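Trainee: Could you help me learn to read a protein model, feature by feature?
Mentor: Gladly, let us look at it together.

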Amino acid sequence: MYPMLVLLGLAALLGASQGSTDCYGSVSGIETTGASCKTAKPEGLSYCGVKASETIAERDLEAMAQYKTLIEEVGKKLCVEPAIIAGIISRESHAGTILKDGWGDNGNGFGLMQVDKNSHTPVGAWNSEAHITQGTDILVSMIKTIQAKFPSWTKDQQLKGGISAYNAGPNNVQTYDGMDIGTTHDDYANDVSARAQYYKKHGY
């Protein structure tokens with residue numbers, strides 16, 4: 001009997017963790033100020049903050065829908081909330097709508113998640129599961145670096161730090177409150193987090 005009980009217990013444990021997406025915290029627990037005016041203004045918005053992030057995310061919702069299944073698959077595979085991946089895709093490429101032949105950032109950024117060709121060798125087609133996996137793997141490595149750098153931060157704080165590092169590198173993250181100073185428009189983690197919270201409310 002005993003070995004069977006152990007096996008059953010193991011199966012239950014595996015079942016609980018399989019398909020999990022919260023290994024690195026949850027975007028719902030992140031405090032965010034949303035998009036800066038430097039991000040909102042080029043989008044034609046007269047307001048900034050979380051409301052601006054939500055408006056931009058909403059605009060990308062339809063284009064994002066075609067990648068939803070891929071985003072969810074990668075999220076389950078790498079134990080990252082799909083909403084966070086969607087938030088990055090919205091920020092980086094407006095769900096692919098601003099890319100030219102899959103490229104952005106003057107030909108330096110590749111794909112939906114804008115993998116920098118100067119730091120990484122792009123994998124897969126620009127809108128493929130392989131690409132989203134590569135981008136999310138980079139995010140996970142950044143989160144792990146921030147976890148080691150700031151062990152006293154909460155899981156959700158480390159997650160936010162990892163999002164910031166995805167844009168400007170882990171060395172740029174010096175303090176929790178100042179983590180976005182030095183990122184694009186000085187709001188990367190706050191904007192992505194607010195967009196991700198929007199996507200989480202909309203089924204991601």
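Trainee: Which residues is E31 in contact with, leaving aside its neighbours within four places in sequence?
Mentor: Contact means heavy atoms within 4.5 Å. With neighbours within four places in sequence left aside, E31 is in contact with K160, Y176 and N190. Before we go on, please note that this is a predicted model, in which local features need pLDDT of at least 70 and side-chain atom pairs count only at pLDDT 80 or more, while totals for chains, interfaces and linings use all residues. Residues are numbered from 1 along each chain as its sequence is written, and side-chain values use heavy atoms, with hydrogens and water left out.

Trainee: Where does E31 lie, and is E31 buried or exposed?
Mentor: Helices here are DSSP runs (H or I, at least four residues), numbered from the N terminus. E31 lies in the loop between α1 and α2. For accessibility, buried means under 20% relative accessible area, exposed over 50%, and partly exposed in between, using a 1.4 Å probe and protein chains only. E31 has 62% relative accessibility, so E31 counts as exposed. Now compare sequence with space: E31 and D156 are 125 residues apart along the chain, and their C-alpha atoms are separated by 9.0 Å.

Trainee: Which residues of α7 and α8 meet?
Mentor: On the α7 side you will find K160, I163, S164, Y166 and N167, and they meet Y188, A189, N190, V192 and S193 in α8. The residues of this contact divide into 5 nonpolar, 4 polar and 1 charged. In that count, Ala, Val, Leu, Ile, Met, Phe, Trp, Tyr, Cys and Pro are nonpolar, Asp, Glu, Lys and Arg are charged, and the others, Gly among them, are polar.

Trainee: How many disulfides does the structure hold?
Mentor: A disulfide is a covalent bond between the sulfur atoms of two cysteines. The structure holds 2 disulfides. One joins C23 and C79, whose sulfur atoms are 2.0 Å apart. C23 lies in the loop between α1 (2–17) and α2 (37–40) and C79 in the loop between α4 (68–78) and α5 (82–93), so the pair ties together parts that are 56 residues apart in sequence. C23 is partly exposed at 36% relative accessibility, whereas C79 is buried at 9%.

Trainee: What about C37 and C48?
Mentor: Their sulfur atoms are 1.9 Å apart, and they form a disulfide. C37 lies in helix α2 and C48 in the loop between α2 and α3 (49–65), so this pair ties together parts that are 11 residues apart in sequence. C37 is partly exposed, with a relative accessible area of 47%, and C48 is partly exposed at 28%. Counting bonded cysteines along the chain, the disulfides follow the pattern 1-4, 2-3.

Trainee: Which residues touch the most other members of the largest nonpolar core?
Mentor: A nonpolar core is a set of buried Ala, Val, Leu, Ile, Met, Phe, Trp, Tyr and Cys residues joined through side-chain atoms within 4.5 Å. The largest core has 44 residues, and I71, I84 and I163 touch the most other members. Helices α3, α4, α5, α6 (129–149), α7 and α8 each supply at least two residues of this core, and α6 gives the most, with 7 residues. Apart from this core lies another, of 5 residues, among them A35, A40, L45 and A52.

Trainee: Is Y199 buried or exposed?
Mentor: Y199, found in helix α8, is buried at 0% relative accessibility. Not counting residues up to four places away in sequence, Y199 touches residues including A57, D60, L61 and M64.

How values were computed:
Disulfide = S-S within 2.5 Å.
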